Amino acid sequence: MNKTDTQIQEAPHVLIRDVEKHEGAIVLLKGWLYNKRSSKKLHFLQIRDGTGIIQAVVSRSDVGDELFALCETLGQEASLMVTGKVVSDPRSPVGFELQVTGVEILQNVEGYPITPKAHGDAFLMDHRHLWLRSRRQHTILRVRHSITKAIRDYFDENGFVLVDSPILTPAACEGTTTLFETDYFGETAYLTQSGQLYQEAAAMAFGRTYCFGPTFRAEKSKTRRHLNEFWMVEPEVAYMDLAGDMDLAEDFLCEVVARVLEKHHKDLTDILERDISSLERVKKPFPRVHYDEAISQLAVIREETEDPEMKSLLDIEWGSDFGSPHETELTRRYDRPVIVHRFPAQVKAFYMKKDPNSPRHAMAMDVLAPEGYGEIIGGGQREDDLETLEKAVEAHGLPRDAFEWFLDLRRFGTVPHAGFGLGIERTVAWICGLHHVRETIPFARTLDRLKP
Ligand code: 4AD
Ligand code: MG
């Protein structure tokens, strides 16, 4: 066994994010080669291990000609174990570099497809399984992780019980046009569009609940906001009305954004180059705009618009749902997220409660994020009257027997209740300042993509 092997066995394995605790010591890093620069006497290896990237300096005079020559051959993403001394380096992003004493190559690599040069979107998405290793993508998914954690912490700390909704379901929740169908032992089952209906049952048992899981929409939309598989967190609260629901969404969003800003300030500003000033303004109160008021505002905005193409995009009549140009222009008038409430009942799902003062309006609300990100939350107060809900099931052409259990909730101790769903990918796109949601999920499922 040569000196190098002994060292690799003896030095303690340290994660790059923890090197600061080992200044002056010889440590072992286990990772991959991210990038390399060389001169006659030195190799500068950028080593990544998933927790960080550190520069490892290989000096010919320290390691000898043989190992130095071996390092010469290393290709991007070669897997390696490196021993060396941790020394302070103020220029390094992690504050330290490694003075290499030994290198063991697990696999050398030639021709790694994703090089530091620019690649097209389709190429990168085709190589998503490798692209995840790139600094930017890696950062986005770490921010996603923290958003997920902040969401869970919020609900866990506020008395909500996590109750997982099923993914295979016998019926539609959000309309019958976007259902993925599958065969369930000879019966038709659908991939869930939303866990909401089951949360309504759960809220009647636990008071405050949430689910957090993948949801599916067979939408043939090719926009930068649509995925066919996406993650949604859905709280549901018994004895809550629409006003309470809006307060909850506002408090929740402020808390999540604040926690993520605190944890990822540098990632957002330095790596993702996000201007975070608009995120810093995510503070209470969010404006609450009645749908009718929003329609009036849009008419004014349209009037003031000179570009004829934009003018026609902004054309909207009472009774229609907003498209993304409407959402973008509406939010431009405010300095923080906007809550639009009381949408026309005709564009909303069967379970929405109608406004008792104006039955053509549903007790629905959307939270719109600024800077063109649009709807990130959709929710509202649910219909709690048995007879009204029976009629709604029928009017929407839904199979009554698949909804009997849901109607039971209105037969046995019905109460006012409300909730909402927040789409994780749109939220990550907004917080990270990304153009397209496909970069916010590890493996995107879109109209034209089921691979990798
Ligand atoms: O507005 P949606 O359709 O609401 C519901 O599904 C309710 N049942 C939720 C509830 O009240 N429990 O979807 C909620 C959110 C949207 O605001 C958006 O953020 C996200 O889910 N979303 C999508 N994200 C990516 N791709 C899609 N195709 C999405 N459809 C909805
Ligand atoms: Mg919606």
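Predicted model: local features only at pLDDT ≥ 70, side-chain atom pairs only at ≥ 80, totals over all residues.
Residues are numbered from 1 along each chain as its sequence is written, chains are lettered from A and ligands numbered from 1 in the order in which they are written, and side-chain values use heavy atoms, with hydrogens and water left out.

Ligand 1 is surrounded by 22 residues, a residue being near a molecule if one of its heavy atoms lies within 4 Å of it. Glu174, Gln196, Glu219, Glu234 and Glu375 are the closest of these. By class, the shell holds seven nonpolar, seven polar and eight charged residues; here Ala, Val, Leu, Ile, Met, Phe, Trp, Tyr, Cys and Pro count as nonpolar, Asp, Glu, Lys and Arg as charged, and the others, Gly among them, as polar. Three strands, S11 (229–238), S17 (374–381) and S18 (417–423), each supply at least two residues of this shell, and S17 gives the largest share, with five residues. Helices (H or I, at least four residues) and strands (E, at least two) are DSSP runs, numbered from the N terminus.

An oxygen atom of ligand 1 lies 2.6 Å from a polar side-chain atom of Glu375. Taken alone, the ligand exposes 630 Å², of which the protein buries 94%; accessible areas come from the Shrake-Rupley method with a 1.4 Å probe, and for residues only the protein chains shown count as cover.

The next step is to look at the space around the ligand and elsewhere. Rolling a probe the size of a water molecule over the atoms shows where empty space is left. On a 1 Å grid over the protein atoms alone, a cavity is a set of points where a 1.4 Å probe fits but cannot get out, and a pocket is an open set with protein on both sides within 12 Å along at least five of seven lines; lining residues have an atom within 4 Å of a point. Grid points are joined across faces, edges and corners, and a volume is the space filled by probe spheres set on the points.

Ligand 1 sits in the largest pocket, in the sense that more than half of its atoms lie within 2 Å of the grid points. This pocket has a volume of about 1,100 Å³. Its lining comprises 43 residues, with Arg217, Glu219, His226, Glu375 and Arg426 nearest the centre. Elements giving two or more residues to that lining are S11, helix H11 (324–332), strand S16 (364–369), S17, S18 and helix H14 (424–432). The lining divides into 14 nonpolar, 15 polar and 14 charged residues.

The second largest pocket has a volume of about 720 Å³. Among its 27 lining residues, Thr51, Gly52, Val94, Arg142 and Asp267 are closest to the centre. Helix H5 (135–157) and helix H7 (242–271) each supply at least two lining residues, with the largest share, seven, coming from H7. Eight nonpolar, eight polar and 11 charged residues make up this lining.

Two cavities of 30 Å³ or more are found in the whole structure. The largest holds about 100 Å³ of space, and of its 15 lining residues, Thr169, Ala171, Ala172, Leu197 and Tyr198 are the closest to the centre. Helix H13 (400–411) is one of the elements that give two or more residues to this lining, and H13 gives the most, with three. The lining has 11 nonpolar, four polar and no charged residues. The second largest cavity contains about 70 Å³ of space, and Arg224, Arg225 and Arg426 are among its lining residues.

Most residues other than glycine have a negative phi, and most peptide bonds are trans. A cis peptide bond joins Lys284 and Pro285, with omega about -5 degrees; Pro285 is in the loop between helix H8 (277–280) and strand S12 (288–290). Lys451 and Pro452 are also joined by a cis peptide bond, with omega about -5 degrees, and Pro452 lies in the segment after H14. Glu273 has a positive phi, near 50 degrees, and is found in the loop between H7 and H8.

Notes:
Polar contact = N/O pair within 3.5 Å; in protein donor to acceptor, adjacent residues only side chain to side chain.
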